[in-house]
Amino acid sequence: VMAQCTFKDQPRGHRVDELWSHIARYIENSVTLEKNEQEANSEKLLAKREAVVCIAVELQTSEIGLSGFFIDPDGLILSTAHDLKGVKDMTVTLQDGRKFKGRIVRTDFQRDLVLIDIMSEVSAFISVSEGRSSLKEGDRLFSISCPGGARVTTHSAVVIGPPRVRKNSLLWQVNMETLPGSSGGPVFDEEGNLVAMVVGRFRGTDSVGFLLSLDTIREFLGER
């Protein structure tokens with residue numbers, strides 16, 4: 001593989017060096033991820049699974065699957081908003097198999113966040129106020145989501161770069177298996193603290209994901 005970078009016909013060697021450094025970190029992190037998979041089902045994380053839900057959405061012309069999680073005992077769910085235009089029907093499936101109709105309470109397409117209500121009290125939820133907002137490159141994380149809408153699964157991740165600003169959101173880039181339906185899944189650190197939420201993946205790959213920062217989530221919830 002050869003790489004070149006020019007700007008106005010002038011070579012930019014330092015940008016090529018940055019590319020090789022990024023590739024080296026990516027390879028190193030891939031090895032680390034394999035070691036982390038066995039930690040993804042620790043007791044601290046298993047206790048969080050009950051608060052994660054699978055969301056089936058019927059749109060005007062298609063059907064999609066999302067993930068989400070309860071943020072209070074009243075049945076309020078946090079998820080992503082980017083596919084929720086033209087919603088005709090929504091079904092939320094809990095970990096015990098119960099199904100509820102979901103009702104959209106508030107949508108923020110700029111931050112890519114939505115609040116959904118199932119109009120029923122729940123016993124398991126994840127407190128947004130008790131999470132940890134600071135992350136750094138190399139941090140090991142774990143996501144819990146419903147890829148494919150079938151069942152809740154846990155995936156390990158490693159932060160592989162500084163945060164990015166997109167519209168009104170702060171995003172972290174991670175080396176993590178990110179499949180369709182993962183968006184909306186909560187992300188935790190090794191101690192089980194909520195740190196972010198899955199919002200998507202790098203186009204063309206399922207191994208690089210993007211996480212919405214906890215600070216952005218708190219800003220959204222604080223405006224209710």
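Predicted model: local features only at pLDDT ≥ 70, side-chain atom pairs only at ≥ 80, totals over all residues.
**Reading a sheet and a buried serine**

Reader: How do strands of a sheet pair in general?

Author: They pair through backbone hydrogen bonds, and the arrangement can be parallel or antiparallel. Here, 7 strands form an open sheet with antiparallel pairing, and the order is β7-β6-β3-β4-β5-β9-β8.

Reader: Which strands stand at the edges of the sheet?

Author: Those are β7 (99-101) and β8 (103-108); each has a single partner strand, so one side of each has no neighbour in the sheet. As you trace across, neighbouring strands are turned by 30° against each other on average, direction ignored.

Reader: Which strands does helix α3 lie across?

Author: Find residues 214-222 and you have α3, which lies across β5 (76-79), β8 and β9 (113-117). The helix runs at about 55° to β9.

Reader: Now a single residue, please. Is S169 buried or exposed?

Author: The cut-off to keep in mind is that buried means under 20% relative accessible area. S169 has 2% relative accessibility, so this residue counts as buried. You will find S169 in strand β13, residues 169-175.

Reader: What is S169 in contact with, leaving aside neighbours within four places in sequence?

Author: S169 is in contact with Q110, R111, R164, L212 and T216. Zoom in on R111: its backbone oxygen lies 3.3 Å from a polar atom of the S169 side chain.

Notes. Residues numbered from 1 in each chain as written. Heavy atoms only, no water. Pairing = 2+ DSSP bridges. Helix = DSSP H or I, 4+ residues; strand = E, 2+ residues; numbered from the N terminus. Axes fitted to C-alpha atoms, helices over the stretch in contact; angles between N-to-C directions. Contact = heavy atoms within 4.5 Å. Buried < 20%, exposed > 50% of the residue type's maximum accessible area, 1.4 Å probe, protein only. Polar contact = N/O pair within 3.5 Å; in protein donor to acceptor, adjacent residues only side chain to side chain.
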